[in-house]
Amino acid sequence: MPNSAPPTENPRELASRWGLPYREDLSVLAPWERFVRTFDIAMARRHRMLGLLEDGHPVLAICDRTGWRQADVVRRLLGKEVTLLLSSESGLLRAINAAYEAQTGQTQELIDALDRDAVLSEVQSLADREDLLDSAGRAPVIRLVNMILFEAVKNGASDVHIQPYEDRVIVRQRIDGVLFDAFEIPKELQGEVTTRIKVLGRMDIAEKRLPQDGRATVQVGDRLIDLRIASLPTSHQERVVIRLLDKSARLHSLEELGMNERTLAVFRDLIRLDHGLLLVTGPTGSGKSTTLYAALQEINTVDQNVITLEDPIEYQLEGVSQTQINEKKGMTFARGLRNVLRQDPDIIMVGEIRDRDTAVMAIQASLTGHLVFSTLHTNDAASAVTRLLDLGIEPYLVTSSLVAALAQRLVRRICPDCREPVPEAQRRRDLAQLQASPTERPIFRGRGCGRCRHTGYRGRLGLFELLVMNDTCRELVQHRGNAADIRKAALEAGMSLLIEDGLAKVLEGWTTVEEVLRVTRAVRDSGSDADGASELIEVE
C-alpha cells in the first residue's frame, strides 16, 4: 500500500500520487455481477468500493485508502486479479446504488428458498427509514418484503397487491395502469408477510378484523419512496394494498402529457387567468394530479402565492405551500379551504371536490379573485359541469365561476423497441372499431420484448377532452340543461372527444386501438360520446 495520504487529499490527487487512473463518471462501466452477488450493498458503501467491468476486465473502483485495503479481500474471495481506479466519493456512491438497483428477478428465488423455521422467528421492528437495497443478514420475512417492494419500485409499479386465496397468496403489481401477477407466496407465510408490512406502516398487528391504514418511507439507493398501506379483512385473511409514491420522481411538463397543439395552447391560456374554476376530471388513476402539478409548475412564479390542499401530497413542488388533508382529525377539504383563503393566495389547488361544502368554497374562492384548480370523478368533460349542479350548486354560480373542464385518460405507449406495423386486414378491423373514416395510414402495435416485459407497451400518455365554457354552454347550464346538450354545444365550438384524441394518437403511432377502447369503455357504455360516435370520425 502506498504511503497514507492526508485526509484532505482528494481522489484525483490520490490517483496522481499512486499512479492509478481516475474516472469521474462510472456510469459508462457495467457492474461486475460476481462482485454485486458476493458483496452486499452495506459492505460496498462502508468500504467505498465497487467491482466494474472495463472492456470485459474486472476493475475495482475506490475513492480512498479504505477501498485500497479491501482490494486483496476482493481478489481472494472472487479468485480474480482486479485493477484499481479512483473516482469521487459522490460518483462512486451513485454507481453503487445504480449497480444494486439493477438486481431484479430474485424474489421468487428467495420465496422458494425460505426456511420456514426462520420465517416464524421474531419480526424485527423497523428503523425510521428502511433501505430496500440493504437486505443481507436480515430475517427471511424482512428480506422477502423488502424484495417485494424493491421489485415493484424497479418495475415502475404504482401499487402492490397482496391478494389472498384459499390455498395461495399472489403478489400483483400495477404497472402502467394494468395489474400483473408478479409471483406467488406460500399460504403458510401470509400471516408473517402481512405482519411485517403492518409493522412497516406502524399499524396494529393484533387487529385483523377491521380495515387499517398506514404509511412509511423506504429508501432505494438515492430515491425515497412513500408507501400508503391499506389492509382489508377478507374470507381468506387480510388483503393488503400498497401505493408507492416516488418522492424523487421528476415532474412532467405540460408538453410531455400528450396534449395536441391546439388543446395545449388553449389550456395554457386558461391556467394564466386571474380568477375562475378549472376542473380536471376522470376516474382514479387517469393522471389528474399529474396534469395539475404540471400546470402549477408552469405558472408558479415568485410573485404568486400558490397553496394546495392534497390527499395525499404526491410530489414536492418548489415554492408552493402544500397542505395534507386529514379527515380523521377534522382537516377536510372544505375546512382547509376556508383557512387557505386567509393566507392571501393567488392560486389554489384543491385535490378533489367530494361534497357540496367543498364545491361551494371552491366556487366562492374563484369568484373573489382566485384561480382555483380541482378534480372531479366524472366520465367526460360535460358531465363535470352537471355534477356541480347535482351537488346543489346554483346554476348562476356555476356559470359565473367555471371556465373549463378537462377530461382525461391514460393509455399505454407502444414500446419503441419492438414496435411493428399492424397487418392490413387487422388494421381495417381495428379502425372500424373506432368508427374512423377509411385511411391508408399505417397503425402500429408492440410485438413484445424484454424491455417491456413482453407486453408490447412501455410508459403512458394522456387522452384529453377540453370543454371551454362559452355563452351557449352557460345558457344551457342556466336552464339546467343535461350533459348531452352541453357536450353538443362544445362539439360545435370545436371540442374533440376523448375517442377522437385517441384515434389521432393511434394514427401517430403512439398507442393502439385496443388501448383507446379500453380506457374509453365507460364513456361509450354510458352513451356520453353518442353525439360524436354516431358518425364516422374524420381522419386528418
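His377 is found in the loop between strand S16 (371-376) and helix H15 (381-390), where helices (H or I, at least four residues) and strands (E, at least two) are DSSP runs numbered from the N terminus. The structure is a predicted model, in which local features need pLDDT of at least 70 and side-chain atom pairs count only at pLDDT 80 or more, while totals for chains, interfaces and linings use all residues. Residues are numbered from 1 along each chain as its sequence is written, and side-chain values use heavy atoms, with hydrogens and water left out.

With a relative accessible area of 32%, His377 is partly exposed; buried means under 20%, exposed over 50%, and partly exposed in between (1.4 Å probe, protein chains only). Residues up to four places away in sequence aside, His377 touches Thr281, Gly282, Pro283, Thr284, Lys288, Glu352 and Arg387, contact meaning heavy atoms within 4.5 Å. The C-alpha atoms of His377 and Arg387 are separated by 9.1 Å, and the two residues are ten apart along the chain. The side chains of His377 and Glu352 are joined by a polar contact of 3.3 Å. A polar contact is a pair of N or O atoms within 3.5 Å; within protein, one must be able to donate a hydrogen and the other to accept it, and residues adjacent in sequence count only if both atoms are side-chain atoms.

Thr281, one of the residues touched by His377, belongs to strand S12 (residues 276-281) and is buried, at 0% relative accessibility. Its side chain makes a polar contact of 2.3 Å with the side chain of Thr378. The C-alpha atoms of Thr281 and Thr375 are 5.4 Å apart, although 94 residues separate the two along the chain. Not counting residues up to four places away in sequence, the contacts of Thr281 include Lys288, Leu376, Asp380, Ala384 and Leu406.

Aromatic rings were examined next. Rings of Phe, Tyr and Trp (its six-membered ring) pair if their centres lie within 6.5 Å; planes under 30 degrees apart count as stacked, over 60 as edge-to-face and the rest as tilted. By this rule, the count is three aromatic pairs. One of them is the edge-to-face pair of Tyr293 and Tyr315, with 5.4 Å from centre to centre and 85 degrees between the planes. Tyr293 lies in helix H12 (residues 288-299) and Tyr315 in the loop between strand S13 (306-310) and strand S14 (321-324), so the pair ties together parts that are 22 residues apart in sequence. Tyr293 is buried, at 1% relative accessible area, whereas Tyr315 is partly exposed, at 21%.

Helix H18 (residues 471-478) has at its start a side-chain oxygen of Asn470 that reaches to within 3.2 Å of the backbone nitrogen of Thr472. After H18 comes Arg480, with a positive phi near 55 degrees. H18 packs against helix H19 (residues 483-492) at an angle of about 170 degrees, with the axes 9 Å apart. Axes are lines fitted to C-alpha atoms, for helices over the stretch in contact, and angles run from 0 to 180 degrees between N-to-C directions. The two helices, H18 and H19, are therefore roughly antiparallel; angles under 35 degrees count as roughly parallel, over 145 as roughly antiparallel, 65 to 115 as roughly perpendicular and the rest as oblique.
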